[in-house]
Amino acid sequence: MIREKGPTEEVARLLDQNENLFEGGHEAFLRLLPKFLNSPSMQAGALQYIVWEPNHEWGKETRFQARRAALVMSAAPGILEHGDAQLHQLLALALGFDSDGTIAPNVMADD
């Protein structure tokens, strides 16, 4: 389903709500994200997933935070060069900036 629809919030919620059925579902989802972050038609969904992921306990784990940061940083140049305003906004949110341009409090928090 992820390969067909891309990384949508709907798919992420399905994985989260049924984690026991999808052992390692979030890990598998993260492994697919680079492909979607580099596909112009799928970038928005991938960035939305990355922005949404930290709202859950597993998304706050250091290993997920580090992987998300690396994914976003590697995709950022292409998104900045070729993306539209919506993608730039999602990129800013994925990088930890609030919609008003300030750094989100959870980005500054020490673990």
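## Burial and overall composition

Of the 111 residues of the protein, 36% count as buried, that is, under 20% relative accessible area with a 1.4 Å probe and protein chains only. This is a predicted model, in which local features need pLDDT of at least 70, side-chain atom pairs count only at pLDDT 80 or more, and totals for chains, interfaces and linings use all residues. Residues are numbered from 1 along each chain as its sequence is written, and side-chain values use heavy atoms, with hydrogens and water left out.

The protein contains 7 helices and 0 strands, assigned as DSSP runs (helices H or I, at least four residues; strands E, at least two) and numbered from the N terminus.

## Nonpolar core

The largest nonpolar core has 22 residues; such a core is a set of buried Ala, Val, Leu, Ile, Met, Phe, Trp, Tyr and Cys residues joined through side-chain atoms within 4.5 Å. At least two of its residues come from each of H3 (25-37), H4 (43-52), H5 (62-82) and H6 (85-94).

Leu 91 is among the residues with the most contacts inside this core. Leaving aside residues up to four places away in sequence, Leu 91 touches Leu 47, Val 72, Ala 76, Ile 79 and Leu 80 (contact: heavy atoms within 4.5 Å).

## Helix H6

Leu 87, Leu 90, Leu 91 and Ala 94 are buried in H6. These residues lie on the same side of H6 because they cover an arc of only 105° around the axis, taken from the directions from the helix axis to the C-beta atoms. Their cover includes H4 and H5.

At the N-terminal end, Asp 84 caps H6, with a side-chain oxygen 3.2 Å from the backbone nitrogen of Gln 86. Just after H6, Gly 96 adopts a positive phi of about 105°.

Notes
Buried means under 20% relative accessible area, exposed over 50%, partly exposed in between (1.4 Å probe, protein chains only). A polar contact is a pair of N or O atoms within 3.5 Å; within protein, one must be able to donate a hydrogen and the other to accept it, and residues adjacent in sequence count only if both atoms are side-chain atoms.
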